[in-house]
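User: Please take a close look at one part of this structure, the place where the two chains meet. I would like a connected account in plain terms.

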2 protein chains.
Amino acid sequence: MQPSFFKPHPWLIIEEGWNPRRNRLSESIFSLGNGHMGLRGNFEEGYSGDCLQGSYLAGVYFPDPTRVGWWKNGYPEYFAKVLNGTNWIGISVEVEGEILDLNQVEVLSFSRTLNLKEGWLERKFRVRMSGGRQVEVEALRFCSITREEVGALRYRVTPLNFSGRVGLGPFLDGNVKNEDSNFDEPFWDPVHQEAEPFQALLQMRTKKTLFEICSAMHCSLESGGAIIRPLTRQELREKFAGSFFSLHLEQGQSCTLYKVVANLSSRNHPPELLAARCRQRVREAAETGFEGLLAEQREDWARKWEEMDIRIEGDLPAQQGIRFNLFQLYQTYTGKDERLNISPKGFTGEKYGGCTYWDTEAYCLPFFLGTAPPAVARNLLLYRYRQLGKAIENAGRLGFSGGAALFPMVTINGEECHNEWEITFEEIHRNGAIVYAIYNYCRYTGDLEYLEDFGLETVIAVARFWAQRVSWSDAKKAFVLLGVTGPNEYENNVQNNWYTNYIAAWCLDYACRSLNQVKAKAPAKFGALERRLKLDTGRETGQWKHIASGLYFPREEKLEIFLQQDGYLDKEQTLARDIPAEERPIHDHWSWDRILRSCFIKQADVLQGMYFFEDRFDLDTISRHFDFYEPRTVHESSLSGCVHSILASRIGNRDKAYELYLRAARLDLDDYNADTRYGLHITSMAGTWMSIVQGFAGMRVREEGISFSPFIPGNWDAYSFNLIYRDWPLNIRVDQQAVHILNRGRAAIKLHIFEEGLILGPGQMASRPFNSPVYAPEEKR
Amino acid sequence: MQPSFFKPHPWLIIEEGWNPRRNRLSESIFSLGNGHMGLRGNFEEGYSGDCLQGSYLAGVYFPDPTRVGWWKNGYPEYFAKVLNGTNWIGISVEVEGEILDLNQVEVLSFSRTLNLKEGWLERKFRVRMSGGRQVEVEALRFCSITREEVGALRYRVTPLNFSGRVGLGPFLDGNVKNEDSNFDEPFWDPVHQEAEPFQALLQMRTKKTLFEICSAMHCSLESGGAIIRPLTRQELREKFAGSFFSLHLEQGQSCTLYKVVANLSSRNHPPELLAARCRQRVREAAETGFEGLLAEQREDWARKWEEMDIRIEGDLPAQQGIRFNLFQLYQTYTGKDERLNISPKGFTGEKYGGCTYWDTEAYCLPFFLGTAPPAVARNLLLYRYRQLGKAIENAGRLGFSGGAALFPMVTINGEECHNEWEITFEEIHRNGAIVYAIYNYCRYTGDLEYLEDFGLETVIAVARFWAQRVSWSDAKKAFVLLGVTGPNEYENNVQNNWYTNYIAAWCLDYACRSLNQVKAKAPAKFGALERRLKLDTGRETGQWKHIASGLYFPREEKLEIFLQQDGYLDKEQTLARDIPAEERPIHDHWSWDRILRSCFIKQADVLQGMYFFEDRFDLDTISRHFDFYEPRTVHESSLSGCVHSILASRIGNRDKAYELYLRAARLDLDDYNADTRYGLHITSMAGTWMSIVQGFAGMRVREEGISFSPFIPGNWDAYSFNLIYRDWPLNIRVDQQAVHILNRGRAAIKLHIFEEGLILGPGQMASRPFNSPVYAPEEKR
């Protein structure tokens with residue numbers, strides 16, 4: 001893949017030319033969504049070439065029966081998967097009776113444009129059909145972020161060198177499958193379908209989970225500047241409803257079909273009202289009209305960009321990369337619904353089944369904290385809180401008791417949806433990330449009520465898990481954590497993964513601290529919780545402290561580094577740069593056992609701990625660990641770049657910081673890992689935001705407040721972004737000379753720039769040049 | 001399961017009563033086979049209740065596409081599976097037009113008897129059908145060990161309380177499936193079917209592998225003491241051929257159907273001649289007739305029992321157990337075909353897909369060495385030699401080169417047929433067992449030509465594997481073997497499994513020794529091999545010695561024991577006896593991660609090494625390791641009991657030796673592990689032979705010849721067995737007073753009893769009482 005397939009542009013992603021071979025990749029890139037629904041960049045008209053047709057409704061899943069080679073006790077019987085649902089963009093197109101199918105005609109020109117600023121996708125093409133008939137199509141569509149159940153499209157056909165009949169058939173089609181279905185079952189049962197001229201409705205129900213979804217379309221046709229209504233023929237089949245018509249067009253005369261669709265699910269409406277509400281929703285949208293809806297879309301995206309944009313001057317590829325990421329992130333999760341979460345692929349593919357991973361807590365939360373009101377991040381925490389009961393059941397299945405919780409590695413409904421034993425049972429550090437997110441949220445927002453009402457309960461359940469999961473090693477005279485997999489999934493079933501041990505000890509310690517905090521601040525709430533959880537406070541916290549202080553941390557004294565796990569230095573120590581280029585990524589070129597035995601690290605592991613708990617390590621220690629582990633890291637997880645980039649920024653290794661940032665920011669646009677065809681790396685996109693805000697701009701939130709220690713990559717003229725910190729909207733701008741921080745809020749804020757504390761009144765801006773002497777200490781590398 | 005379901009009997013296994021719930025279990029127990037083919041104890045007449053219909057032809061397999069949750073590089077794309085083939089015993093039975101189906105009628109009595117001595121299965125039952133009609137059936141069948149392509153059965157029906165029409169329809173049916181098929185595909189395509197009165201033929205072809213199999217039947221009917229030939233109706237459908245007739249029977253008048261079948265496969269005949277040969281084979285058998293075939297069967301089984309019987313006086317359950325095992329072992333593998341091997345379930349079930357494991361080399365070889373001419377054991381070695389090329393390819397796929405071989409964990413055709421990464425890629429000690437078998441065979445038989453012609457080539461390829469598989473640990477200043485799984489599969493991906501490291505070092509050492517031996521004795525053969533393998537003898541053997549002497553062995557100095565793996569003592573040390581009875585087997589009751597983290601051992605691991613290399617450890621060392629590891633062992637592999645029993649015998653822990661023996665010997669009869677319904681534990685059956693011969697009788701073969709150091713369990717009156725050692729057939733009899741060894745051969749033999757060397761002339765017997773003073777030193781425990 002050439003790295004510059006898409007022309008650099010600050011706001012547009014433009015594909016020029018017809019590339020059917022990379023169609024799946026482009027379908028991922030040109031995905032649209034609005035938090036409630038999403039779809040890949042499929043074609044409206046039928047396409048018989050290679051594509052992954054995919055339209056998804058958030059939270060509508062099916063428990064697909066597990067298929068494994070060899071069963072292990074504790075595996076879940078089902079994996080929940082988000083379903084490919086009704087294809088609501090479909091329009092069949094006929095020209096003089098010939099079906100338009102880009103796989104069957106000569107494509108003369110083809111382009112797709114994704115407008116990040118305004119939130120729409122446009123596609124234009126010219127084809128030569130049989131008899132030499134040339135036709136031009138211009139299609140534009142969007143998922144409304146204003147009305148999250150509404151999508152709309154405009155489809156314009158023009159006969160270029162002939163006059164003749166053009167047939168158009170907008171439809172709703174539920175005859176869809178998930179490619180990743182384990183038993184090739186269809187997941188949908190028909191409920192109801194109806195069609196009348198220019199309108200149709202389709203309602204379906206999932207097998208087993210009995211979710212119902214309903215789509216209704218409302219179309220209108222324009223030609224010669226006027227609305228026209230040719231005679232239609234309705235088509236109704238099982239799970240299919242459409243309306244077809246044809247009309248005579250003169251050479252050069254366009255006709256434009258507007259299709260407005262509402263997509264509702266029984267997650268938000270009673271099933272018996274679904275059809276009626278759907279009709280109503282689409283009627284309202286149709287009344288507003290396509291252009292009206294598009295105007296709303298532009299306005300709302302403009303508002304959102306105001307909150308989250310990062311502007312980079314002087315580096316167009318970096319600018320395009322970060323904006324593409326922010327755009328896709330917001331398309332995936334808007335934070336309105338605490339029952340939803342963020343899947344690593346969002347609505348852009350089937351891989352990972354639309355499930356939630358620890359990515360959300362470790363990589364996505366800071367983005368939502370910094371660019372949206374606290375309620376959004378809080379909803380992400382509540383998602384886990386709602387699933388606490390299932391996490392306790394899950395731990396029970398593995399033999400833990402007494403209210404201990406193990407959150408699943410992969411989930412939609414709180415149940416584990418993964419079955420590699422080394423991950424499902426052993427990658428338990430995820431439990432720590434979920435507690436860390438609570439801590440992180442409280443620290444950033446100052447919202448301690450969350451801790452009192454929901455957070456502490458989760459924290460206690462996780463502490464109880466760690467307290468049982470450790471075992472005492474007589475040999476080491478310490479508590480150990482055996483049989484775990486760290487964030488580095490290129491080594492499994494290790495003993496004493498430093499990161500896991502560290503976050504476990506931290507969780508136990510944080511459980512004691514936060515418990516005391518709540519006890520002191522909200523004794524009544526605490527008393528109720530204590531009773532409900534049958535908490536034996538003195539004994540349990542005593543045990544937690546004992547374990548936290550007695551946990552073992554593998555360490556190499558001569559190198560003065562913590563070891564990723566017991567025996568890590570028994571591995572042959574080579575560096576990632578010594579791997580021949582043609583063997584990268586090793587995941588695709590090496591056998592699994594060779595990867596496991598190598599010293600190579602997939603993503604931040606020890607360094608993930610240094611990132612989370614930066615304040616507990618001095619700069620020398622962080623540098624030493626970065627210098628040891630980063631050269632052994634192959635960054636073959638999309639989540640690897642950002643943490644390393646932030647740490648590199650921290651220790652002043654700016655070239656590395658920039659290199660890792662850029663790679664992460666353009667991961668999908670440039671298809672670095674040759675896997676974008678399966679969907680976009682949504683969760684790692686949040687990491688690129690962190691790389692700039694926490695990395696380049698050095699933003700930190702500590703007890704004493706927010707601080708910035710920025711630098712600017714040498715090839716950038718400037719970068720700037722808005723940030724929401726508690727009650728203060730801020731703007732940060734960094735150019736080659738100085739950092740400028742503007743208080744956009746209505747109250748004064750106390751903050752630090754470099755190490756200087758200052759107070760900024762409302763509307764005030766502080767500028768600090770880079771040659772400020774207080775900056776020097778961090779410059780030493 | 002009550003432990004005494006089958007009545008103790010020296011030669012019979014008798015099931016009394018109708019137990020449809022344990023039908024799958026009984027089907028396993030009552031399996032028949034003859035090395036070429038085998039079948040479970042299914043019913044001739046149709047049965048709509050729960051059963052596993054299974055008829056198998058050795059070596060006829062299908063490469064079933066792999067199905068896994070998550071693919072790992074290096075996994076095989078297909079698993080070969082032995083196929084459920086033509087149901088050749090089938091007879092449809094109608095009484096006054098009503099189909100006889102034991103699931104649909106009232107069963108008044110039911111029994112099955114397996115005659116171990118004569119090699120046949122009999123089944124008798126009486127049923128009450130509609131209208132109160134009572135019918136008696138007696139069925140007897142066998143797989144001929146004289147003519148391995150022939151099976152025969154006799155099926156007698158008697159109306160007990162009525163006169164009326166009885167219809168009988170013997171058939172061949174290829175509409176069968178494997179229950180373990182990954183994609184529910186039928187594996188057979190029809191080739192040809194034909195039927196004429198009392199005869200039928202069915203030929204089918206496997207998909208992909210294009211094996212062809214052909215079955216032909218030849219029936220005759222007897223009633224009132226005469227052969228009769230009623231009119232028949234032939235039935236031909238795809239993959240089905242049969243001949244049906246009915247006749248009027250008076251009350252109390254029997255009719256007896258004889259069905260003789262030939263089952264041929266294209267492994268042994270050209271496909272185009274298969275049908276003709278099959279017709280010929282069945283004609284010859286039919287001419288001999290059922291009773292003639294049965295007489296041959298009796299004679300040949302008598303001859304075989306002469307070679308392999310172990311007689312136990314005074315302990316009927318033990319006697320029954322060992323004979324059942326020997327019977328099933330010989331039914332599974334007769335040693336005539338070097339392309340065949342022994343699957344853990346033989347022909348008694350689908351589990352393990354009819355594939356070969358390291359069981360053969362580690363557990364079965366000694367039995368065949370001791371009870372059959374050397375050619376049988378040699379064929380087992382040649383099986384692996386024939387697959388050496390594939391083993392080199394297999395190693396290549398994992399990244400090894402230069403002629404290094406990794407034999408698959410599970411195979412039929414030399415290709416790996418398993419895909420748990422922790423087993424497929426990591427349980428590499430199997431490579432050592434294959435070399436150990438060569439060493440063991442040469443030591444036992446003195447056949448050094450095998451080493452020259454085939455063995456050394458295998459030994460070198462395995463040495464080359466180990467030489468690449470080790471890595472240098474700078475931390476330990478030693479070679480290490482990282483990422484392995486030992487015989488204890490209750491812990492995976494460990495570092496420095498002592499057994500694996502030990503057998504690896506031994507292999508490297510043995511490679512040097514055997515290479516020098518061949519070089520000295522057969523320099524021309526060696527020179528040819530050296531050129532063919534591009535062997536850089538000096539350099540490579542130098543490297544092998546260097547690694548063998550520099551390998552790391554985990555050890556705990558205070559306890560003076562070798563550790564099963566790095567960090568084994570970090571685990572919480574509890575004993576198997578402390579596991580609550582209701583949690584045993586832990587494999588069924590604990591989650592997989594809990595098992596992995598526990599200190600509990602599935603089967604001999606360190607002790608497997610002490611067993612293989614007994615001479616390298618003094619008795620104290622063996623005792624110390626036994627006393628440490630056995631109490632931590634849950635014996636949840638059927639292969640666990642025998643090795644522990646032998647070592648317990650060796651160290652004088654006789655109660656333990658007997659307990660472990662008995663459990664292993666009656667594992668299937670008493671369904672100890674609640675899994676016999678999936679098939680019998682064929683390979684572990686060989687271990688029970690070892691428990692007596694090597695354990696109780698203390699038989700050893702060393703450079704200086706064969707020796708015995710017997711004891712006798714307190715509750716036995718005597719035990720005796722024949723043994724083939726090189727040119728000498730021996731008989732060993734042990735009673736409570738003495739051991740008696742008889743040289744049944746034609747030449748004098750030098751041997752040791754206890755530690756006394758003696759020479760036995762032809763026909764001579766030596767008796768040594770147990771109070772012999774030289775016995776005392778081993779008595780100390």
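Analyst: What follows describes the contact between the two chains, and then some further features of each chain. The model is a predicted one.

Start with the extent of the contact. Chain A contributes 45 residues to it, and chain B contributes 45 residues as well. The size of an interface is often given as the accessible area lost when the parts come together. For chain A and chain B that buried area is about 3900 Å², and 49% of it lies on carbon and sulfur atoms.

Next come the polar links across the interface. Between chain A and chain B, 24 residue pairs are in polar contact, with both residues at pLDDT 80 or more. On the side of chain A that touches chain B, at least two residues each come from helix H7 (421-424), strand E21 (471-473), helix H13 (586-589) and helix H14 (592-597) of chain A. Of these, H14(A) gives the most, with five residues. Sorted by class, this side of chain A has 15 nonpolar, 13 polar and 17 charged residues.

Side chains of opposite charge can pair when their charged atoms come close. Across the interface of chain A and chain B there are six salt bridges. One of them joins Glu422(A) to Lys72(B), and the closest N and O atoms of that pair are 2.8 Å apart.

Salt bridges are also counted for the structure as a whole. Over all chains the total is 121. An example within chain B is the pair Glu138(B) and Lys124(B), with an N to O distance of 3.9 Å.

The structure has 19 cavities of 30 Å³ or more. The largest cavity has a volume of about 200 Å³. It is lined by 18 residues, and those closest to its centre are Tyr75(A), Asn419(A), Tyr75(B), Asn419(B) and Glu420(B). Two or more lining residues come from H7 of chain A, and likewise from helix H7 (421-424) of chain B. The lining of this cavity is made up of eight nonpolar, four polar and six charged residues.

Some details of the backbone remain. In chain A, the peptide bond between Arg584(A) and Pro585(A) is cis, with omega about -10°. Pro585(A) sits in the loop between strand E24 (561-562) and H13 of chain A. In chain B, a cis peptide bond links Arg584(B) to Pro585(B), with omega near -15°. Pro585(B) is in the loop between strand E24 (561-562) and helix H13 (586-589) of chain B. Lys239(A) is not a glycine, yet its phi is positive, at about 60°. This residue is in the loop between strand E17 (233-237) and strand E18 (240-249) of chain A.

Met765(B) is part of strand E32 (residues 765-769). Its neighbours within four places in sequence aside, Met765(B) is in contact with His740(B), Ile741(B), Leu742(B) and Leu760(B). Met765(B) and His740(B) are 25 residues apart along the chain, and their C-alpha atoms are separated by 6.5 Å.

How values were computed. Residues numbered from 1 in each chain as written. Chains lettered and ligands numbered in written order. Predicted model: local features only at pLDDT ≥ 70, side-chain atom pairs only at ≥ 80, totals over all residues. Heavy atoms only, no water. Contact = heavy atoms within 4.5 Å. Buried area = accessible area lost by both parts, 1.4 Å probe. Salt bridge = Lys/Arg side-chain N within 4 Å of Asp/Glu carboxyl O. Polar contact = N/O pair within 3.5 Å; in protein donor to acceptor, adjacent residues only side chain to side chain. Helix = DSSP H or I, 4+ residues; strand = E, 2+ residues; numbered from the N terminus. Nonpolar A, V, L, I, M, F, W, Y, C, P; charged D, E, K, R; others polar. 1 Å grid on protein atoms, 1.4 Å probe; cavity = no way out; pocket = protein on both sides within 12 Å on 5 of 7 lines; lining within 4 Å. Points joined across faces, edges and corners; volume = space filled by probe spheres on them.
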